[in-house]
Structure formats: C-alpha cells, structure tokens
Amino acid sequence: MSAQSSLDPDALPQIIGDFRPVDQWQIHINDVFYGLRGNRLREFYQTFASADYRLAYALAGDYYRRLGQRDQRHDSGGDNAQQDAESALIVMEWGCGNGNLAACFLDRFKELDVSGRYYPRLQYQLIDKNAVVLEEARNNPAFARHQAKVTFTNGRVEDLQEFQDGTVDRIICNELWSELPTKLILRKASELREEQIRPNVSESKLAEIQDWSGFVQAFDQKDIQVLREFPSFLEDLVWEREYHEVEAKSLSFRRTISEFMKHIDEEVLVPINTGASASIKEAMRLLSPDAIGMSAFDAGTADSQVLNDPDKPCYSVHGGQFSFMVNFALLEDIGRHLGAKNLVIEAQREFVGNGLGENVLTLMDLLAAHPRLPESDSWEFDALVVRTLEVINSGYASPYRQTIDFPIRESTPADERAKLSAILGGLNPNGLPDTIAYITESEIRKVQSSLEELGYDGEGIRMILQMPPNLVDYTHFFLSSS
C-alpha cells in the first residue's frame, strides 16, 4: 500500500485519535495487534523461520564456519586461545517468534560441532518485547533438546541495558526491523517533514460498536481485555494524513539522515527505520570487539532508484498491523557512522543458497513461473498450490515432522474440495512445512517432469532459479566491528 494513497472524506465517519507521527501510531497499533492476536500470528502472515528450518540451518552453518576462521586467526597455543576455548559463546535472537528458528539453529549447530568444541559453551538468548509471543516460544517443545542452553527475556531490542557491553558474540534479527518504529520523511528544500496520521473507524464497523465512548477509551489506553469485548476492528481503520516539520529532538542520527535525504528528490516519501537504527546502535554496544557480528533479515531495498520512486510501497498492513519497507541503504550509512567495519547486504535467498551450495526458491516463487497461473483469490489457485505441494513433496524430505496448514476456501466445488482434502491429508509429514519454505534446485529437478505435467514450463523454472533478487526483496544485512 502506498503511504500517499488518496482518501474519501466520506469514509471518515468517526475519529478515534489525534494526528501523531507515523511511528507513534505504529507502536500503538502494534501493541494492540499483539495484545489481541499475538497467539494467532500465522493466520495473518508467515515468516521464513516460523515453520521452515533452512534459514536456521544456514545461520548455524555460517556461525560454525566463522568460529573456525576466528580460531585460526588466534594463536593456537597462546593465552588468548586458552581464554577463547573457555569463554561463553552468547547468541542473541531478537524478535524470536514461535522459537522455531532458535530450535533448528541449535539442532544444526550441535550436529556440526562433532568435536564438542563450541556447543557446550553456547548460550542462546531469545528476546521479544511481547510477552504473549515470548511465552509461545518458551512453550516450544523443540527446546527440550537444548533446555540448558536457552534463556528468555522480555525486552525491547532498542534498549537492552540489562545486558553488559561487549558480551555478545552473535546477534540474529529475523523479520523484526519492519515492525520497529519507522518514520515516513520527505525533504522540501533543506527542511525535513514527516507524515502524521489520524485513525478513524470505517462507517460499516462504526455501526457494530454499541458503546462508542467505552471503545474509544479502551483503544486510547490499549486496554486489551476491554477491546476483546468489541467487534474486530483493526482491518477497518481508515487513516488521514498530514505533513509537518520533523522535531529535531525526535530524530536520532539526524545528520546522517539529512545527508541521505539530499540524494532523494524533493517531496518523495522515504521510510526512515528509526527503531532498526536504534537496534544497530545497541548491537554495536553489545557485541564484543572480536564478535562474529549481527545478521538481520527483512523485506526492503538498498536500491537508490527504488527509494527515489514516489510510487513505491512504503508499508503494508497485515491484520491491521503496520509493516514497513526496510531502508537498507540508510541503515548501512548508520552502521558505518557507528563504527561497523564490515557490512554486507545480500539477498536472503542467496545467503540460504550459499549455505546449501545450490540455488533455492520458495513454493510461491515456483508458482510465479507457471505460465497460466490462476488469480490468487480463486479456488483454482488453491488447487494448483495443493497439487504442486504433492509433487514437490515426492522429492523433498525435511528432518522435521510438521503438517502443512493450508485451508481450502469455501468457494471450492464440493468434488474438487474432496480431492484436494485427500491430497493434503496424504502428504508426507516430513514434507514442505509451508508455502514460503525454501526448496533447493536439486529437489525441483527430481520432480521437474511431474511439474511439467501440471503445466509448468521447464525453461521458466530454470530462469526463476537463476533470477536476480527483486528490487524490493527479503534481504540479509550483516555487520561486525572487525
């Protein structure tokens, strides 16, 4: 959704708040969203780590490799080497979701560490500001294999003062930056202006709310218990927009941001990920001088042409929650400003593929290669997804048993519904865990003839396996101070 879309004034029947900067309302809405729906996140969106294991395995392999390289740099018989061999290896994961990434990371890291050089020293700390999400991770049965290795902290990644400076070796941050506070800023001459928004309840939803004053008060106070008593409303908010000069005290890294905005055309709105910037500052404080570093994964761009496009989508909304495009180009500048010496920005798919030694894509990527792809809101699309799952699973074997959750829409004809339900019920429990799980090129090659029977084009599959990243895509951002 474009942050500059026009609004129909008649669709603004009832105001429920004042104009505030986007990042302030983002915090408010996200707190309400997680309070109401924190235990139902996968109903609204999936992350690349919520069910799949391959991002976690790639991270574990990368960490194990980097630890070995660091050991080789140190004197093998000196005091430093002895100290290294005894010191704890603290890995932090920020925004831990359901804990699947951490559990799979630990499984793979232990498997790789045959000699027992690193795993016994490992301490994995999961951090999330949302207590409901953190509790779901804590209850993940997969941690039973690593119980002594895992700790849980309820905290904000922009401010983790309970942890000492220079004590962390590795930080992982997966699909969190897009949810952290983000301003939308444009430049007019030398002045920076930011978007401010004001929420309204849509006319149709307004008619369903009986106690209006009680609803407004509960919304203002983020009273989750009271809000549960009202009809679901997050998808029915309509936002008005205004633009005001940015208050100097509200913008950290103002000089770096001002320099960055000089390269953006006037009145082009740009996401300024203030929460992500603050988290980089905190990472630089926490990481030890010889730490392996920080890896953040999220959807965004480092392309200056995209950032300078007035029609780019600055954010999307999932279940009423704001999710902003990550401005990796600015975050690179901020990382350098904070003293990071080593910065790498690459496609997430390339990072995972490099870890496996071959190209990867997701089921959704593969579907895009179908020359006669049905409309995504049709039952025919669902049918193609299910039959593609059936084919892929005949050449795919996960080390984990997890049944894919794929609801069939009501509009599906009864006979087709029965066939699709039978296919889903008969899928291998060690098959693909969800539609955005990574599939390797070799797994696709195994079943290519069956895919072609479903109408896929062999040349199209080859092209999509080798295609470059999209201009806005899931990206890996790595930094370290050495």
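Helices (H or I, at least four residues) and strands (E, at least two) are taken as DSSP runs and numbered from the N terminus. The structure is a predicted model, in which local features require a pLDDT of at least 70 and side-chain atom pairs a pLDDT of 80 or more, while totals for chains, interfaces and linings use all residues. Residues are numbered from 1 along each chain as its sequence is written, and side-chain values use heavy atoms, with hydrogens and water left out.

The average pLDDT (the predictor's confidence in each residue, from 0 to 100) is 91 for the protein, and 93% of the residues score at least 70. Residues 1–7 stay under 50 in pLDDT; for this stretch the model has 24 contacts beyond four places in sequence, a contact being heavy atoms within 4.5 Å.

Two packed helices are described by the angle between their axes and the distance between the axes. Axes are lines fitted to C-alpha atoms, for helices over the stretch in contact, and angles run from 0 to 180 degrees between N-to-C directions. Angles under 35 degrees count as roughly parallel, over 145 as roughly antiparallel, 65 to 115 as roughly perpendicular and the rest as oblique. A crossing is left-handed if the near helix is turned anticlockwise from the far one by less than a right angle, and right-handed if clockwise.

Helix α15 (residues 379–393) packs against helix α16 (residues 414–425) at an angle of about 30 degrees, and their axes are 10 Å apart. The two helices α15 and α16 are therefore roughly parallel to each other, and their crossing is left-handed. On the α15 side, the contact involves Trp 379, Ala 383, Val 386, Arg 387, Leu 389 and Glu 390; on the α16 side, it involves Glu 416, Lys 419, Leu 420, Ile 423 and Leu 424. Seven of the residues in the contact of α15 with α16 are nonpolar, none is polar and four are charged. In this classification Ala, Val, Leu, Ile, Met, Phe, Trp, Tyr, Cys and Pro count as nonpolar, Asp, Glu, Lys and Arg as charged, and the others, Gly among them, as polar.

The loop between α15 and α16 contains Asp 405. This residue, Asp 405, is exposed, with a relative accessible area of 66%; buried means under 20% relative accessible area, exposed over 50%, and partly exposed in between (1.4 Å probe, protein chains only). The C-alpha atoms of Asp 405 and Leu 206 are separated by 33 Å, the two residues being 199 residues apart along the chain.

Helix α2 (residues 54–73) and helix α13 (residues 348–356) pack at an angle of about 65 degrees, with 9 Å between their axes. The crossing of α2 and α13 is left-handed. Arg 54, Leu 55, Ala 58, Leu 59 and Asp 62 of α2 are in contact with Gln 348, Phe 351, Val 352 and Leu 356 of α13. The contact of α2 with α13 comprises six nonpolar residues, one polar and two charged. Within α13, the buried residues are Gln 348, Arg 349, Phe 351, Val 352 and Gly 353.

The axes of helix α9 (residues 254–261) and helix α12 (residues 328–337) cross at roughly 140 degrees and come within 10 Å. Helices α9 and α12 are therefore oblique to each other, and α9 passes α12 in a right-handed crossing. Thr 256, Ile 257 and Phe 260 of α9 make the contact with Ala 329, Leu 330, Asp 333, Ile 334 and His 337 of α12. Of the residues in the contact of α9 with α12, five are nonpolar, two are polar and one is charged.

Most residues other than glycine have a negative phi, and most peptide bonds are trans. Glu 175, although not a glycine, has a positive phi of about 50 degrees. Glu 175 is located in the loop between β6 (170–174) and β7 (183–188) and, at 11% relative accessibility, counts as buried. Ala 189 is likewise not a glycine and has a positive phi of about 60 degrees. Ala 189 lies in the loop between β7 and β8 (191–201) and is partly exposed, with a relative accessible area of 46%.

Asn 98 is placed in the loop between β3 (89–94) and α4 (100–112) and counts as buried at 19% relative accessibility. Not counting residues up to four places away in sequence, Asn 98 touches Ala 49, Ser 50, Glu 136, Ala 137 and Asn 140.
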